[in-house]
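Opening my notebook for today. I wanted a look at two ligand sites, and here is what I looked up.

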Amino acid sequence: MRRLAGLSLRQRLMLGGAAAGFGIVLVAILLLVLTSTTDAADEQPIKFSHQAHAKNDISCQFCHVGVTHGPVAGIPSVEKCMGCHSHIATANEEIEKLTQYWEKQEPIPWVRVNRQPSYVYFNHYSHVAAGVGCGSCHGDVKTMTIAEPVVEMNMGFCLDCHAEQENKDALYDCAVCHR
Ligand code: HEC
Ligand code: HEC
Ligand code: HEC
Ligand code: HEC
Ligand code: HEC
């Protein structure tokens with residue numbers, strides 16, 4: 001601060017202004033960072049709550065049918081939603097949006113939450129058949145109002161669990177996941 005002593009009032013005001021300007025930029029950057037990392041889900045076209053459906057005992061498999069037979073879990077169609085929402089919670093604002101997609105016969109552009117690089121092979125059914133619950137990889141989705149990843153599903157994460165399996169040698173083979 002001593003260096004300021006030799007400056008005129010005008011110069012001091014300019015310095016103060018620059019500092020304040022810098023402060024504003026910092027706050028703006030902070031806000032940007034905060035808002036961009038909080039809600040993956042504000043991006044979702046409809047606020048879909050897993051919790052609301054789990055409370056009504058609708059099973060994961062009922063909507064993510066693919067887990068019972070193949071690699072991809074799958075997201076339910078608008079038609080499937082309407083099977084219930086043509087008569088359930090029809091006054092809800094989000095259900096009104098849903099109904100508009102249905103009337104226009106347009107798919108809902110859900111934003112993907114989990115995605116593996118294309119060089120990784122993953123299969124839901126092998127895991128479900130081996131008794132690995134959805135929660136081991138996706139966390140407690142039943143309590144989520146917004147579906148978000150709870151762990152980073154990197155190679156170490158996959159291998160840690162494979163290492164605990166009886167046939168771990170087979171499951172460690174690079175070609176199991178990189179075909
Ligand atoms: C009523 C239908 C319905 C039920 C029941 C349901 N889901 Fe979903 N699920 C959805 C829809 C729609 C999305 C896409 C929107 C979103 O990401 O929130 C989704 C998304 C997800 C995602 C993120 C997908 C991605 O983009 O990577 C996971 C993981 C998931 N569900 C797991 C589960 C689990 C586990 C259960 C059971 C506890 C379950 N779901 C029950 C409809 C359902
Ligand atoms: C098997 C019936 C069923 C299906 C299929 C279904 N829902 Fe629901 N949904 C419900 C029930 C029951 C509720 C709770 C209603 C209540 O609490 O008043 C609900 C609530 C909701 C709500 C309001 C949630 C809240 O925050 O209170 C939204 C939005 C919603 N569903 C969207 C969807 C979408 C999108 C799909 C398709 C991906 C879907 N639902 C499929 C039965 C279903
Ligand atoms: C062993 C880990 C693991 C388990 C167990 C698991 N998932 Fe996943 N899930 C993943 C991975 C990895 C992805 C991303 C896959 C990709 O990008 O190809 C994913 C993606 C998804 C998606 C979005 C993409 C898609 O395949 O449609 C949904 C929905 C989903 N999982 C639901 C479920 C449900 C429901 C269960 C339980 C029945 C479950 N998962 C069990 C690892 C798992
Ligand atoms: C919580 C434990 C667990 C985690 C986490 C896990 N796996 Fe598995 N994985 C298993 C089990 C159990 C089997 C089945 C072993 C068997 O059938 O003998 C398996 C089998 C496999 C197979 C062989 C079956 C097939 O479909 O070809 C592949 C590939 C595979 N896992 C990929 C992955 C990938 C990729 C990840 C990470 C995204 C992952 N796994 C995470 C437990 C896990
Ligand atoms: C159980 C499944 C599984 C097995 C077995 C496996 N990997 Fe991977 N590997 C993955 C996943 C998942 C990723 C993607 C990681 C990510 O997204 O961060 C990956 C990524 C990689 C990458 C890219 C790394 C990077 O940082 O970009 C290389 C290289 C690789 N694996 C080599 C191998 C080799 C070599 C082996 C055998 C010794 C092997 N992997 C076995 C699941 C597996």
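**Ground rules.** I am working with a predicted model, where local features need pLDDT of at least 70, side-chain atom pairs count only at pLDDT 80 or more, and totals for chains, interfaces and linings use all residues. Residues are numbered from 1 along each chain as its sequence is written, chains are lettered from A and ligands numbered from 1 in the order in which they are written, and side-chain values use heavy atoms, with hydrogens and water left out.

**Ligand 5, iron.** I asked which protein atoms are donors to the iron atom of ligand 5. They are Met155 (SD) and His178 (NE2), 2.0 Å from the iron (donors are N, O and S atoms within 2.8 Å of the metal, or 3.2 Å for Na, K and Ca). I noted that Met155 sits in helix α8 (155–162) and His178 in the segment after α10 (174–177), so the two tie together parts 23 residues apart in sequence (helices are DSSP runs of H or I, at least four residues). Met155 is exposed at 54% relative accessible area, while His178 is partly exposed at 33% (exposed is over 50%, buried under 20%, partly exposed in between, with a 1.4 Å probe and protein chains only).

**Ligand 2.** Next I found 17 residues around ligand 2, with His53, Cys81, Cys84, His85 and Ile95 the closest (a residue counts if one of its heavy atoms lies within 4 Å). Helix α4 (78–85) is among the suppliers, and it gives the most, 4 residues.
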